[in-house]
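Here are my notes on the model, point by point. Please read them with the coordinates open.

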Amino acid sequence: MGADGTFGIHTPDIESTIIGEGSTVAEAKADFENSLREVIDAFAETGTQDPDDLQNTTFIYKYDLPSFLSYYDYFNMSRLAKQAGINPSLMRQYKNGQYVSEKQVAKIQMAINRIGKELATIQLI
């Protein structure tokens, strides 16, 4: 999430840079998909072939940690920190954009995955 509260999507791993922005994740995805169509249409209009990195490509959307924690704001930072074995104050700093090491991201990712697996098994009556 940007400093202005908007979400952005970009393609760092392919030569054809495509971006999308929006005030919500859904808006950013829609803008990204529109931008992708515009790029493909531009190649079609000029009669040139799409770059290899745009042909039959599936995109995987990833979040940086502050964006994830802001978008999924129903997570209680203290409880998530406890699940990840991280200081709660530090977790709140991560949510606000403080630098987070790859090791810490991995711990948080594992905690979120455990929570997700647990939630997936719940059946309400």
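1. Ground rules. This is a predicted model, where local features need pLDDT of at least 70, side-chain atom pairs count only at pLDDT 80 or more, and totals for chains, interfaces and linings use all residues. Residues are numbered from 1 along each chain as its sequence is written, and side-chain values use heavy atoms, with hydrogens and water left out.

2. The ends of H4. Helices here are DSSP runs (H or I, at least four residues), numbered from the N terminus. After H4 comes Gly97, with a positive phi near 105°.

3. The largest core. A nonpolar core is a set of buried Ala, Val, Leu, Ile, Met, Phe, Trp, Tyr and Cys residues joined through side-chain atoms within 4.5 Å. Buried means under 20% relative accessible area, exposed over 50%, partly exposed in between (1.4 Å probe, protein chains only). The largest core has 16 residues, and Leu69, Leu80, Met91, Tyr94 and Ile108 touch the most other members. At least two residues come from each of H2 (65-71), H3 (77-84), H4 (88-95) and H5 (102-120). Another core, of 7 residues, lies apart from it and includes Ile18, Val25, Ala28 and Leu36.

4. Leu69. Leaving aside residues up to four places away in sequence, Leu69 touches Met77, Leu80, Met91 and Lys95. Contact means heavy atoms within 4.5 Å.

5. H3 against H5. These helices pack at about 105°, axes 8 Å apart. That makes H3 roughly perpendicular to H5 (65 to 115 degrees). Axes are lines fitted to C-alpha atoms over the stretch in contact, and angles run from 0 to 180 degrees between N-to-C directions. Leu80, Gln83 and Ala84 of H3 meet Lys107, Ile108, Ala111, Ile112, Arg114 and Ile115 of H5.

6. The aromatic rings. Rings of Phe, Tyr and Trp (its six-membered ring) pair if their centres lie within 6.5 Å; planes under 30 degrees apart count as stacked, over 60 as edge-to-face and the rest as tilted. The count is 9 aromatic pairs. Tyr71 and Tyr72 are edge-to-face, because their planes stand at 90°, with centres 4.8 Å apart. Tyr72 and Tyr74 are also edge-to-face, at 85° and 6.0 Å. Tyr71 is partly exposed at 34%, Tyr72 is partly exposed at 24%, and Tyr74 is exposed at 62%.

Methods: Angles under 35 degrees count as roughly parallel, over 145 as roughly antiparallel, 65 to 115 as roughly perpendicular and the rest as oblique.
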